[in-house]
Amino acid sequence: MTDIVGDSAAASAPRTVYLKDYQPPLYLIEAVELRVELDPSQTCVSSRLRVRHNPAQAVAGQPLILDGQDLELVSVSVDGQRLSDDRYRLDDEHLELPAPDDGALVEINTRIAPDKNTALEGLYVSGGMFCTQCEAEGFRRITYFPDRPDVMARFTTTLVADRQSCPVLLSNGNPVGGGELDDGRHWATWEDPFPKPSYLFALVAGSLYCQQDRFITGSGREVTLKIYVEPSNSAKCQHALDSLKQAMAWDEATYGREYDLDIFMIVAVDDFNMGAMENKGLNIFNSACVLASPETATDADYYNIQSIIGHEYFHNWSGNRVTCRDWFQLSLKEGFTVFRDQEFSADLNSRPVKRIADVNVLRGHQFAQDASPMAHPVRPDAYMEISNFYTVTVYNKGAEVVRMLRTLIGAAGFRKGCDLYFERHDGQAVTTDDFVAAMEDANHLDLGQFRWWYQQAGTPVVRAMPHYDAQQQCLQLTLEQSTPPTPGQKDKLALHIPVDLALLDAGGKPLPVTLEGETPNGDTHRILALREARQVFRFTGIAQPPVLSLLRGFSAPVKLVIERSSEELAFLFAHDPDPFNRWDAGQTLAINTLLALVAAHREGAAPSLEPRFVSAFQATLEHPDLDPALIAQALSLPAESYLADQCERVDVEAIHAAREFVRHTLARQLQDGFAARYQRYDHPQPYRFDAEAMGQRSLKNLCLAYLAETGTGEARERCLRQLQTANNMTDSLAALATLAEHDWPEREAQLEQFYQQWQHDPQVVDKWFAIQAGSRLPETLARVKALMRHPAFRLTNPNKVRALVGRFCMGNPVRFHAADGEGYRFLADQVIELDSINPQIAARLVSALSRWKRFDAARQALMREQLERIVERAKVSRDVFEIVSKSLGR
């Protein structure tokens, strides 16, 4: 299944794939006919491939090389002639056939064992259901094929299975036939009229409940919508269906993209490595990203389901109709589609809250990746295992690159560029350069320098130095940019950075912005194009010293460095009309305060909190007009992991102590305000999924958590009352999470009662695991180890692993980084065991150790020891080897 590697011989290391070595395929596949006879232990796959010579390549008698892994080859024929064993070559990863004639028919019969496929790539069994996951390279686990995205073929798929156990048979495209067989089996044939790469192939077979609806496209065509789930989840489909119809309508209105098949299907699967997969016409989803009811799903679940449904649907054009030429271009489809789903969610909900959430992910995870041994460009130039590059850089930074394009070009110009891109490349496999070229050609622009955003790794730093000249009534703003070195890229070029700027007067009102030499036009904000290492901008007609509001809406994924006093930050926190910058000023004020407390803790000084800081938070808490959701965001302190990223050397205990001190102090000094806000929104009402209701619940539950920090009996009673009376999972889980953070007498009984109530629901049980794994209490690691023996936990289920092991190792820094190193040993134990079960999940977990050099010497030694222990085993997957070897600098 995977390469066998060890530390003893360099030759055993996995092969690195380089973008510079890309060559178009020698052969293309015009059409594929598959017949899949499903059986858990012995599935028979027959494939008929119509092979064409690629006119872009000189074939000249070159062999046809097909990819394949974990396949039992039964037979292979070319143009009706069965090949003897000496006429082909077979190894663990390839089938090599003699050069076929143009138009040759290659027929291959293989056998596979889906029930033994714990890697969850290719065809596998989940809860008695057959399903597939073929992105990136899973199709080669089903049959031999040129498993690369630039080979696009029309697929016709016939599924055969036992009628009783698998009454539902699904694949890509439209259904074109079906019937019964004499042996108790039945069959169904599906035809996809659109060429697609093999990574978009899908099949599902099982006993499933279907909820159906319809959508009428803008052109008047009716599309059947179906969501398939296990029968026990039949009441949890409506939100997903509603979200799908919203996404279809939004894509037509915003991008002019109409759906192109007669049917769109979604299937919920419990065992799934990712969130969802955009297979043409047959999306397969992690159950956690589809199923929702107020009793079992939180606001975050509802929000994520809406977003992910939109994301996978939008892929129909940005990923399926136009796909990526090679896996180095992954952000072509993922970055663009993340941007599309972000805008979809922003339009349907609160745009400021969505922007804050997206930037939190970027700063908390992508910036950290840029500063790690795994740093890579949005378009990587090399990889060992492509599954390791489904990253926040490719997805989220890629989305920011698309957002910057829209900012620079404008909404109308961006839409023109998208229209040209889809029209020019429909049915093709293309590159990020092709995407940018469409923007250039549609708007008559030169975006040559902008392309470096795709090619250059690292987080740029923009330093802003304003100087106001009262006599000239002029503001001079000097901007400097630099990007730190990253692995393989020591020297960096200047990027094209859009800097959205406003100048605020003493009351927070934006002033007219006029650059020197321009005629005033009354505009109160400006997009500055920072294209050089150092640029100076002069603004005239400024009668009073302004307060700068820079990078409004986070107009570029950079770190901004500017000297600001606490008074200036408090002013922006209270008055900046840009919601994102208002929130960001509060976060910067909090970060500065927390880092000062970290320094004081190191020096043994008694901690204290400036009254100005408390007053700024109080003013936000009690603001009568602010959106409750924005208040909740503003009053949420930066995470310990993000604070660690601001430190040259991570001091785990000092960061935790500083943050805990601020939480306790704010809770005590603003207790009355928190209680008043909580009481204002603590009234029973039917659950609604909308921005207003979600905002109220988020602020109420934030207040509940702060009030619990006071440790009073009243706070404990409030928490228990909410847990016992809540009519929705958002409030119930918030109360349980708060309870789990405190060593209160009721804690154990309430956790057990919650499990007994919801043990039948896997998604709720995952939440129960995660709450306990994230607790700051000292015995958390011991509890996590005990929970791994719980009957509800399965190491073979990615959701369970992420909820328990992932949450502890990646979401509980103070306990994971305990000085004794037991957290590191625990993680290594799980990675070693998982690597032979599911290498993708093992690789994601081991990345928690990647930044070991940022910690103190003792922790460095402990983490390095575990990394070496992992990699020096006799058998290491390609997935884990790549992460560990780069982390160790090998």
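## A predicted model, from single residues to the whole fold

Is Thr486 buried or exposed? Its relative accessibility is 7%, so Thr486 counts as buried, since that label is given to residues under 20% relative accessible area. When its neighbours within four places in sequence are left aside, Thr486 is in contact with Asp370, Ala375, Ala457, Gly458 and Lys492. Asp162, by contrast, is 324 residues from Thr486 in sequence, and the C-alpha atoms of these two residues are 54 Å apart in space.

### Two residues of one loop

The loop between strand E31 (547-550) and strand E32 (559-561) holds Leu551, and Val558 is found in the loop between E31 and E32 as well. Leu551 has a phi near 55°, which is a positive value in a residue other than glycine, and with a relative accessible area of 6% Leu551 is buried. Val558 also counts as buried, at 2% relative accessibility.

Which residues does Val558 touch, leaving aside its neighbours within four places in sequence? Val558 is in contact with Phe367, Trp453, Thr459, Pro460, Val462, Ile497 and Leu551, so that Leu551, the residue with the positive phi, is one of the partners of Val558. Phe367 is another of these partners, although Val558 and Phe367 are 191 residues apart in sequence; their C-alpha atoms are 8.8 Å apart in space.

### Other loop residues

A positive phi of about 55° is also found at His444, although this residue is not a glycine. His444 is placed in the loop between helix H7 (432-443) and helix H8 (452-455), and with a relative accessible area of 73% it is exposed. A further backbone feature is the cis peptide bond that joins Glu135 and Ala136, where omega is about 5°; Ala136 belongs to the loop between strand E11 (129-133) and strand E12 (152-162).

Glu622 lies in the loop between helices H11 and H12 and counts as partly exposed, at 46% relative accessibility. Apart from neighbours within four places in sequence, Glu622 is in contact with Gly673 and Arg677. The C-alpha atoms of Glu622 and Ile832, which are 210 residues apart along the chain, are separated by 51 Å.

| Residue | Relative accessibility | Class |
|---|---|---|
| Thr486 | 7% | buried |
| Leu551 | 6% | buried |
| Val558 | 2% | buried |
| Glu622 | 46% | partly exposed |
| His444 | 73% | exposed |

### Helices and their packing

Helix H9 (residues 566-575) has Leu569, Ala570, Phe571, Leu572 and Phe573 as its buried residues. What do the buried residues of H9 pack against? Their partners are strand E28 (497-504), strand E31, helix H10 (579-602), helix H11 (611-621) and helix H12 (628-634).

A pair of packed helices can be described by the angle between their axes together with the distance between the axes. For helix H20 (residues 762-773) and helix H21 (residues 780-787), the axes come within 9 Å and cross at roughly 150°. This makes H20 roughly antiparallel to H21, because angles over 145 degrees count as roughly antiparallel. On the side of H20 the contact is made by Trp768, Phe769, Gln772 and Ala773, and on the side of H21 by Thr780, Arg783, Val784 and Leu787. Sorted by class, the contact of H20 with H21 has 5 nonpolar, 2 polar and 1 charged residues.

### The whole protein

The protein has 27 helices and 32 strands. Its radius of gyration is 28 Å, close to the 29 Å that the globule rule gives for 890 residues, so the protein is as compact as a globular protein of that length. Taken along the principal axes, the C-alpha atoms fill a box of roughly 90 × 70 × 65 Å.

Of the 890 residues, 59% count as buried.

Key: Residues are numbered from 1 along each chain as its sequence is written. This is a predicted model: local features need pLDDT of at least 70, side-chain atom pairs count only at pLDDT 80 or more; totals for chains, interfaces and linings use all residues. Side-chain values use heavy atoms; hydrogens and water are left out. Axes are lines fitted to C-alpha atoms, for helices over the stretch in contact, and angles run from 0 to 180 degrees between N-to-C directions. Helices (H or I, at least four residues) and strands (E, at least two) are DSSP runs, numbered from the N terminus. Angles under 35 degrees count as roughly parallel, over 145 as roughly antiparallel, 65 to 115 as roughly perpendicular and the rest as oblique. Contact means heavy atoms within 4.5 Å. Ala, Val, Leu, Ile, Met, Phe, Trp, Tyr, Cys and Pro count as nonpolar, Asp, Glu, Lys and Arg as charged, and the others, Gly among them, as polar. Buried means under 20% relative accessible area, exposed over 50%, partly exposed in between (1.4 Å probe, protein chains only). The radius of gyration is taken over C-alpha atoms; the globule rule is 2.2 Å times the number of residues to the power 0.38.
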